[in-house]
Structure formats: C-alpha cells, structure tokens
Amino acid sequence: MRPQRCTALLPIAALGIQSTSARVGRLAPRDAACRKTSVAILGGGMAGVTAAQALSNNSITDFVIIEYNDRLGGRATQADFGKQDDGSPYVVELGPNWVCIVAKHFRLPPWWWSPMGRRETNRPESDLGSGQSGRPGVSTENPIWTLAKKHKLKNTPSNYSSILTYDENGHTDYSRMLDEYDAAWAKASARAGRMLAENMQDETARAGLALAGWNPRHGDMKRQAVEWWRWDWDAALTPEESSLIFGAAGDNLTFHQFSDQNNLVVDPRGYGHIVQEESRTFLGADDRRLLLGTRVTNITYSDDGVTVHNADGSCVSAAYAICTFSLGVLQNAGADAVAFRPELPEWKRVAVQKFTMGTYTKVFLQFNETFWPADTQYFLYASPTRRGHFPVWQSLSADGFLPGSNIIFATAVEQASYRLEQQTDEQTKHEALEVLRQMFPGVTVPEPLAFMYPRWTSTPWSYGSYSNWPVGTTLEMHQNLRANTGRLWFAGEATSAQYFGFLHGAWFEGMEAGSRVAALLRGECADAHDAHDAPRCGDRPHYDPLHGTSPLEDYRAPNGWAASSFYASRPE
Ligand SMILES: Cc1cc2nc3c(=O)[nH]c(=O)nc-3n(C[C@H](O)[C@H](O)[C@H](O)COP(=O)(O)OP(=O)(O)OC[C@H]3O[C@@H](n4cnc5c(N)ncnc54)[C@H](O)[C@@H]3O)c2cc1C
C-alpha cells in the first residue's frame, strides 16, 4: 500500500450521542479459574503494543498481551526470499512497506495532549522517541516515521515519477494519462471536502471521478491501468467499492498540507522490528505478561469485566480488554475466528460487516539478472483483457532498495488477489511470466530463481490486508466500529477514522484506547482537555439509531476525528 492518505482534520463542536455507563475504575468480579489481570490486550500488532505502552506510561503495569503468532508485529511481517551472493536470503515485506513522512503540520489529537487530565510532561520519552511535541496544534510528525528513525530502520524514498508504461506489445508511453487522472482527482477530492463540510450524501469514488471528468470506458485498458495504479493500488478495492468522501478527505488534505514523500522500508530486520523494539520499552525478557502463540477462541464481556478463553485451554479474566484483531477477524467472528459472548450488539455487528477488508498481494520474483530498466522504480502494465492483471511492477533491484538483488514484485488486489489465492504458485508464476514477456518482448525472460506470494485473505489471524471505507457510510457508523461494548474496547487500523489502512492509524488507536482504559481504571478523565469538548470521561460513544449523513459538528475527537482541517476542502 502506498500511504498517500496521511491526513489531519479539524476538531469541531459538540453532538448528541449515546453512551453506556462508565463504571469508572470499578474492578471486575472475575472468573475464579482464570489468570487475573487489569487489562487483557488481545493481539500484539502495532495497536496492541501501543495500547500496552500507553497503559505502562500511565503506570498500569498489570496487563497481559495475548497474541496468536510467535512474534509481535501482526501484519507488519516479513519473509526470507531468494538468495544473496553469499547464499543468505533477502528479506522482503509481506505486509506494510511504506512509511509516510508527514513531517509538516501533523497534529496530535487532543486526547494525546492530556490523556490523564494532566499535561504531557509525565509522558516518558521512550514511547515515541524524539520529535513529538505532544501539544494540540503544534506540528509534529508521523509517529511511525519517528519510530523508523529511532530504530534506524533502513528505508528509501519511493519516486512515483520513476515509472514506465507498457501494454501487451511492450513499452508504450501513455504516461500523460497519469496527469489526466491527477487533474480529475484534484477536482473530485475538493468536491468531496465540500460534501463533507455541507453534510451531503456520500457517493462512490467512481461517481466522483466521473463527475470530475475521468470516466474511462471499460475497454480503455490503458486508462484502466492508470486508474488502478492511482486508486486500487492504495485502497485495495475498486473506486466502485470506495467512499468518495472518506477516500478523498485524507487525500485532499494531504495534497494541500503535507509532503507527499513515502519511503519504502528495506530493512533486513523487517518493518515489524519497530513494534518489537517498542515492546522492549515496557516488557522485560521472558515477561510473563506476553502470551505468544496463543489463539483466543472466546471473549465473554459485560459491564463488569471480560474473560478470554484460549485454544490451549487457558483463560484470562480481566477488568477490561482491548481487542485489536483486524476487521477481517471480526467479520469472521463465530465462524472461523473468535466468538463473542454475548453476541456483539447489533449496532456493532452492522458496523463490522459494513466496513470492507481489502486484500493486497505482493508477488515476488527473483531472477538471475535485472532484465528490466535498472534505473526505474515502477512499471505499469495495461493488460488487453483484464483490469488489474499484474498491473504494477516494482523493482527492488533499483539503487537504494536491494540493488543487485534482481528482485521485482507485482501487486494484485481485490478479485485478482482472491483468484491468485485460490490457484497454485505454479499457475500464478506462469501468468506473471507471461505478462513480463509481453512487457519485455526483446528479452528472453528466464524462469525465476525464486517465487513467492502471501495469501492474506485466508490468513486466519488477519483475513485480509487492511480496511477500506465503503460508500455511503457515515462517521457515526465508523464510530460504532470504535465504540466499546461494556468493558470490551476495540482498537486497530480499522478503528482509525482518519488513518484507516495505515500503521499510524493502528498506532494512534492503540495509544488512545490504552490511555482511555488507564483513565477508567484510575477513575480519571481521559479526554478532559479537548478544546471543543466539555470534560468527558468513560466510554466511547456509539450511535443507535444511525442517520444517513454526519453533520459537520460530529467531526471531532470523540468520534475519532481529532485533527485539522477544512481549509483544504475549499472549492477549486
Ligand atoms: C499487504 C499489506 C500492505 C500494507 N501496506 C502498508 C503500508 O505500506 N503502510 C502502512 O502504513 N500500512 C500498511 N498496511 C497496513 C498495516 O499493516 C496495518 O494498518 C497495521 O499493521 C495494523 O496493525 P493492527 O495492530 O491494527 O492489526 P494487526 O497487525 O493485524 O494486529 C492484530 C494482532 O491480533 C492477532 N490476532 C488475530 N486473531 C487472534 C486470535 N484469535 N487470538 C490471538 N491473537 C489474534 C494477530 O496475530 C495480530 O498480531 C499494509 C497491510 C498489508 C497486509
């Protein structure tokens, strides 16, 4: 995923919300047979680790992290691939790859300023490293970029202008179509900003693009390829399946406010290294609070506590739990994934099923030579018959990445990913080579030395890659994804209204949930100094019934919409 939607949006005014009672700080009656703790953190990806870090920072050290895999990091996971000259493997990222360098104007949400009703001076340096001011309205940077610098993660700027275009007859220059798309998108996103500000009904990104003048025919395969690269490659779902307002709001702001620089992580320790290193700031060696290789099967929750049963027969009884499982896992609840008792309330189940989980598949090939232009980062291919058929190829052999590796990877999303997941590696390799041979007709494309791709849709601890905001879904609907049900809290990439789909979304949501639960345990207010709110404690709001649109005044911190701004959504 290319993180191009790094945004900050304005906190605004008050709203009418439903909220279940806080029961602040009351400890739960707990299942006598189970291990006892104050907070059970379900999942050890970015959100789970930052939730634990926030608890720790707020002096709540009695927690347990329960993680399915034998490592921390969740979707930030890498694999050995191919061979270097010395016979050792390269390391490639199966999940997140880019870090979005939002160095200017990035605003921390108000809760972060004073999560415990105090100024952030009590916050230890270790939770962020350097570079974070912690005050609302003060520019700072993407926390993931801060962590990448802190842990010296090797990364290189992606240059999206370093691209050559191809069709079934080889290189053919249709790069001017990229500018056509970009001009239309600028108009569509400005309109989306107005729609948000004026509480107008959402529409598909497809409709928004068409109204802005970008409306390629189904048979116009070059423009379809261009659109795929600009939209599907980021959203992991088609413009038809995506919200214009929420897909564009971030992009609109990015365009006006932030540097557009995204760096590709190429570190032999993997992107997940930053999650593992951060966990060391609050976990000791062999810490009993970390249960790796433990699959949660049942979560029983109430207003008094949460009991978690695991596949190995163990259980944990907690005053609060923070569930950071992916949207895909929640969507499969009760079937192949975890079961909730009682069943989650209807407003929560509707929210879970309404949002969409995209799949983003990287197909890696290593050759004995770099037969593609070695100084180019990206290659765009327009299949004559299928939209999204191995459309974007990315060279890791280029300078700054894994030079000399002769590794290139293609990306598939949505239906193409589902198809690749169902077929054998041999079938997929055959298709990929067929495409490369069309793109480079003057070259004898050899058999690859190594070939690999992950199957995210069928990965039982993720069920997909990252979430996407579907059309016609309001901020309140999204808030229902975030809201707690009794003592069971939710956090993760998908619960971030502003940064869904990104590691920094998971970071913010984990921090927020951890800070809020810590506040509840201490009987304090978590959100007391939001400049636009009266002091507020306790639960996250949820909405029942839901209305068709979200008034502008709902775009504020309690609904997960904490930062600035609408100045970017002015009419073009
Ligand atoms: C292919 C791909 C490309 C991406 N590209 C980018 C990118 O370039 N930049 C970017 O910023 N973001 C990108 N993302 C998104 C980013 O990876 C996620 O936003 C982030 O990792 C989510 O973190 P999380 O903590 O919310 O969830 P997760 O990382 O999914 O953590 C949840 C944890 O819960 C555990 N779990 C699930 N079920 C159970 C169970 N039953 N019992 C116990 N534990 C369980 C899982 O094992 C997992 O460790 C990409 C993701 C993918 C998959």
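This is a predicted model: local features need pLDDT of at least 70, side-chain atom pairs count only at pLDDT 80 or more; totals for chains, interfaces and linings use all residues.
Biologist: Why does F390 count as buried?

Modeller: F390 has 24 C-beta neighbours inside 10 Å. As for numbering, residues run from 1 along each chain as its sequence is written.

Biologist: Where is F390, and what is its phi?

Modeller: F390 sits in the loop between β17 and β18 (392-395). Strands here are DSSP E runs of at least two residues, helices are H or I runs of at least four, and both are numbered from the N terminus. Phi of F390 is near 45 degrees, a positive value in a residue other than glycine. Most residues other than glycine have a negative phi, and most peptide bonds are trans.

Biologist: And what about phi of A236?

Modeller: Phi of A236 is positive too, near 65 degrees. You'll find A236 in the loop between α6 (221-235) and α7 (244-257). A236 has 28 C-beta neighbours inside 10 Å and so counts as buried.

Biologist: What makes A483 buried?

Modeller: A483 has 28 other C-beta atoms within 10 Å, so the buried label applies. A483 lies in the loop between α13 (475-482) and β22 (488-490). Beyond its neighbours within four places in sequence, A483 is in contact (C-beta atoms, placed from the backbone, within 7 Å) with R540, P541 and H542. A483 and D539 are 56 residues apart in sequence, yet 7.5 Å apart in space, C-alpha to C-alpha.

Biologist: How do you know that V296 is buried, and what does UniProt say about V296?

Modeller: V296 has 26 other C-beta atoms within 10 Å, so V296 is buried. The unreviewed UniProt entry covers V296 with the annotation "binding site"; such annotations may be inferred rather than shown by experiment, feature names are shortened, and positions follow the numbering used here. V296 belongs to strand β11 (residues 296-301). Leaving aside its neighbours within four places in sequence, V296 touches L42, I66, V308, N310 and V338.

Biologist: Which residues come nearest to the ligand?

Modeller: Of the 39 residues around the ligand (C-beta atom, placed from the backbone, within 6 Å of it), G43, G45, G74, G492 and E493 come nearest. By class, that shell has 20 nonpolar, 15 polar and four charged residues. Here Ala, Val, Leu, Ile, Met, Phe, Trp, Tyr, Cys and Pro count as nonpolar, Asp, Glu, Lys and Arg as charged, and the others, Gly among them, as polar. Helices α1 (46-57) and α14 (503-522) each supply at least two residues of the shell.

Biologist: Why are β5 and β9 called a pair?

Modeller: Pairing takes at least two DSSP bridges between two strands. β5 and β9 (residues 262-265) have three, in the antiparallel sense, so they pair. Within β9, N263 is the bridge partner of V99, and N262 stands opposite C100. Three bridges also join β6 to β9, again antiparallel, with T156 partnered by L264.

Biologist: What makes β5 and β6 edge strands?

Modeller: The open sheet of three strands has the order β5-β9-β6. β5 (98-100) and β6 (155-157) each pair on one side only.

Biologist: Which way do the residues of β9 point?

Modeller: N262 and L264 point one way, N263 and V265 the other, and all are buried. In a regular strand the side chains alternate between the two faces of the sheet.

Biologist: How many strands are in the sheet that starts with β8-β7?

Modeller: Seven: this open sheet has the order β8-β7-β17-β18-β19-β16-β20, with mixed pairing. Four bridges join β7 (residues 163-167) to β17 (residues 378-381), which run parallel, and L164 stands opposite F379 in β17.

Conventions:
A residue is buried if 20 or more other C-beta atoms lie within 10 Å of its own, exposed if 12 or fewer, and partly exposed in between; C-beta atoms are placed from the backbone. Two residues are in contact if their C-beta atoms, placed from the backbone, lie within 7 Å.
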